[in-house]
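Please look at the sequence and the structure before reading on.

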Amino acid sequence: MNMPANRQPDSSTGSSVVAEASAAEGVDGDGARAAAGSTELTETAPSFGALFPSTRYFEIDSKFVGARFGVWVTPPAQYDADPARTYPIVYQVDGNLFFPTTAPLHQAGQSDSMSPQVPFILVSVGYSERESHAWTWLRVRDLLPPGEPVPEVMLQAVELTVEAGLLSKDDGDRYLEMFASPAGDKFLGFLEGELHPQLAKSFRVDAENVGLWGVSYGGLFAAYVAIRRSDLFKRIGVSSPGIVGEDSRIFELYRQAVASKQDYSGRKLHITLGARELTEPGIYQSLIARGTSQLLAETSRHPLPGLEVSSEIIPLESHLSGGVPAWFSFLRACYRRG
């Protein structure tokens with residue numbers, strides 16, 4: 001795992017633009033300073049630290065998966081106030097999508113007077129800069145349980161993207177090969193056995209309060225982790241999970257869990273679904289809504305001993321727009337303060 005580079009704001013780009021403009025116009029240092037304070041629009045590239053001043057970024061190679069991952073870690077606002085205090089830690093998958101949409105609100109959430117959150121360390125797990133362009137395909141490899149069927153529409157999406165020239169045939173073949181042998185178990189091994197031990201060394205983590213959240217295929221992965229009764233993750237958010245009907249491995253695993261009579265005490269599972277996924281005819285109604293409803297029915301008809309289950313239908317939201325509201329629904333259910 002690499003430590004982040006110095007995140008001091010980089011003013012070199014703006015300075016060079018002003019200097020070049022000054023030289024071209026024959027102005028002196030005072031003129032340059034005047035130019036710097038002018039209303040002229042100057043394009044520059046803000047540093048990561050300027051955009052996300054509280055976040056540290058790492059990359060880590062996984063022997064379990066055979067891939068390199070990007071990890072964004074955002075501590076709570078009061079993290080530095082008490083060097084002896086430990087904090088819950090919550091992992092969200094699909095970090096390339098959800099880190100920039102949730103991290104800016106993370107520290108403020110702990111002072112929200114209407115829905116205050118327990119202070120926790122937010123960890124967004126995604127793909128490294130080298131492979132970030134392909135995160136929508138790579139997640140199929142990492143978030144689906146072994147043996148999980150991939151709907152035909154996903155295979156067609158790869159083929160159509162290749163035909164449109166937006167994806168090389170070699171990459172398309174690589175992704176289709178991944179789809180044929182998903183490896184959510186290896187990704188779970190990476191989180192539990194490689195990433196978490198490293199973060200626990202670097203941050204003050206409450207070892208008994210570790211959460212996980214995901215949406216869509218991330219929600220499918222979260223359901224898989226919950227049913228497998230992970231030793232690490234105790235509070236799990238399953239949002240609009242990509243459970244494809246009766247053939248999903250989730251239901252076979254659930255039946256096995258019920259038969260095992262294992263004790264799930266001290267564990268929470270929060271399941272959400274966007275209202276429009278449920279009410280509007282289409283692929284999300286036939287796949288996402290049906291699978292989510294069936295999972296909820298199983299938790300009601302055949303509850304896992306001791307598992308605390310809650311759920312919410314999120315008004316007005318679709319599969320895409322419901323992601324961030326689902327995240328906050330999970331936090332209200334599992335990390336609300338007071």
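Which residues of α9 are buried?

## Helix α9

The model is predicted. In α9, the buried residues are Gly184, Phe187, Leu188, Gly189, Phe190, Leu191, Glu194, Leu195, His196 and Leu199.

Helix α9 covers residues 184-202, which is 19 residues. At 1.5 Å a residue it should span 27 Å, and the 26 Å between its end C-alpha atoms agrees with this. The helix has a kink of about 40° at Leu195, shortly before the proline Pro197.

## The largest pocket

The volume of the largest pocket is about 660 Å³. It is lined by 23 residues, of which Arg139, Met154, Ser216, Tyr284 and His319 are the closest to its centre. By class, the lining consists of 16 nonpolar, 5 polar and 2 charged residues. Helices α4, α6, α7 and α13 each contribute at least two residues to it.

## Salt bridges

Side chains of opposite charge can pair when their charged atoms come close. The structure has 10 salt bridges. In one of them, Asp94 pairs with Arg139, with 2.7 Å between the closest N and O atoms. Asp94 sits in the loop between β3 and α4 and Arg139 in helix α6, so this pair ties together parts that are 45 residues apart in sequence. Asp94 counts as buried at 5% relative accessibility, and Arg139 counts as buried at 11%.

Another salt bridge joins Lys169 and Asp173, at 3.0 Å from N to O. These two residues are 4 residues apart in helix α8, so about one helical turn separates them. Lys169 is exposed at 56% relative accessibility, while Asp173 is partly exposed at 37%.

Key
Residues numbered from 1 in each chain as written. Predicted model: local features only at pLDDT ≥ 70, side-chain atom pairs only at ≥ 80, totals over all residues. Heavy atoms only, no water. Expected span 1.5 Å × (residues − 1). Bend = angle between axes of the 7 residues up to and from the residue. Buried < 20%, exposed > 50% of the residue type's maximum accessible area, 1.4 Å probe, protein only. 1 Å grid on protein atoms, 1.4 Å probe; cavity = no way out; pocket = protein on both sides within 12 Å on 5 of 7 lines; lining within 4 Å. Points joined across faces, edges and corners; volume = space filled by probe spheres on them. Nonpolar A, V, L, I, M, F, W, Y, C, P; charged D, E, K, R; others polar. Salt bridge = Lys/Arg side-chain N within 4 Å of Asp/Glu carboxyl O.
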